[in-house]
Amino acid sequence: MQGNLMSRRNFIGAAAATAATVAAFSLTGCGSNGSSDAKEDKAETKALSGTITAVGSTALQPLCEAAAEQFMEKNSGVQITVQGGGSGQGITQITQGAVQIGNSDVFAEAKVKDTADLKKIADNKVCIVGMGPIVNKDVTVDDLTIDQLKSIFTGEVTNWKEVGGADAAITVINRASGSGTRATFEAAVLGDTKVPDTFKPQEQDSSGTAAKMVASTSGAISYLAFSYYDDTVKALKVGGVEPKEANVEDNSWTIWAYEHMYTAADPDEATKAFIEYMMSDDVQGELVEAQGYIPVSGMKVEKDASGKVTKK
């Protein structure tokens, strides 16, 4: 009996030792896999970081600011600053390497003097912007033809009664010469017509300031991106066509432009990620239209750098 008892004890001890060894091996193995998984997770969730400055088009500024806010909420390590200054400023600064993004209403080809600079940058068409004439709410005119607009913005017509309105002086508020909004409007309305040197309307550096001036100046007229339209001013029809997204998409409304976000040809990681975000469903499927812009995907026509429009 004693021998049998000792044998049973030895058996139990051996079994316990084996179990402990297995458990230790299992724990070691789990610890090894957990460490590996943690390293992989850490690599996969590596925080994006960097500083981005976007300068240029004030027509694009509201969308760029809204998208930047959303992007920074998702990527707290990235700081994005969005500034205006006009499309010319945006193109100049991105070709000089002074900023990470140059926002523009016009193709860089229209602003760059040295074509070698075009190789330094990459074009990202993030949306379409419709633009059109707006007037002070006391103006009784609701519709102007392209020819009438041309007469007003070259100084030939100076009173609203000459285009079917009340007997009141017209105050023209222009954008500054570097403005892409101005370039787009003049290309569509003035064409090759030269503005006389004697005609010198006041100029404003930003779309927001132009809107405020029209709203507060009796008889005033200017032009804005649709994204700036609100109930403080009155938007005009042009040739009977309403300034609506659907009319831009088929070119019935001819005053429109791509919104370009130019980057360096080889942008840094944060800038590349932000541009990718601009083209994501979060922006293209929601924010673009919510901010008053038109997705590129909705266009039935396309426009090249020379201004030629063709059907898709």
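Start by selecting helix α4 (residues 146-153) and helix α5 (residues 180-189), which pack with their axes 9 Å apart at an angle of about 125°. Axes here are lines fitted to C-alpha atoms over the stretch in contact, and angles run from 0 to 180 degrees between N-to-C directions. The two helices are therefore oblique to each other (under 35 degrees would be roughly parallel, over 145 roughly antiparallel, 65 to 115 roughly perpendicular, and the rest is oblique).

This is a predicted model, in which local features need pLDDT of at least 70 and side-chain atom pairs pLDDT 80 or more, while totals for chains, interfaces and linings use all residues. Residues are numbered from 1 along each chain as its sequence is written, and side-chain values use heavy atoms, leaving out hydrogens and water.

Now show the side chains of I146, L149, K150 and F153 in α4: they meet F185, A188 and V189 in α5 (contact means heavy atoms within 4.5 Å). Six residues of this contact are nonpolar, one is charged and none is polar.

Stay with α4 and pick L149, S151, I152 and F153, its buried residues (under 20% relative accessible area, with a 1.4 Å probe and protein chains only). Around them, look for β5 (125-135), β6 (143-144), β7 (171-175), α5, β9 (220-225) and β11 (237-238), against which they pack. Just after α4, stop at G155, whose phi is positive, about 85°.

Next, select strand β1 (residues 50-56) and strand β2 (residues 78-85), a parallel pair with seven bridges (DSSP must find at least two for strands to pair). Within the pair, A54 stands opposite V82 in β2. Finally, follow the chain from β1 through helix α2 (residues 61-74) to β2, a right-handed β-α-β crossover: with the strands pointing away from you, the path from the first strand over the helix to the second runs clockwise.

Conventions: Helix = DSSP H or I, 4+ residues; strand = E, 2+ residues; numbered from the N terminus. Nonpolar A, V, L, I, M, F, W, Y, C, P; charged D, E, K, R; others polar. Buried < 20%, exposed > 50% of the residue type's maximum accessible area, 1.4 Å probe, protein only.
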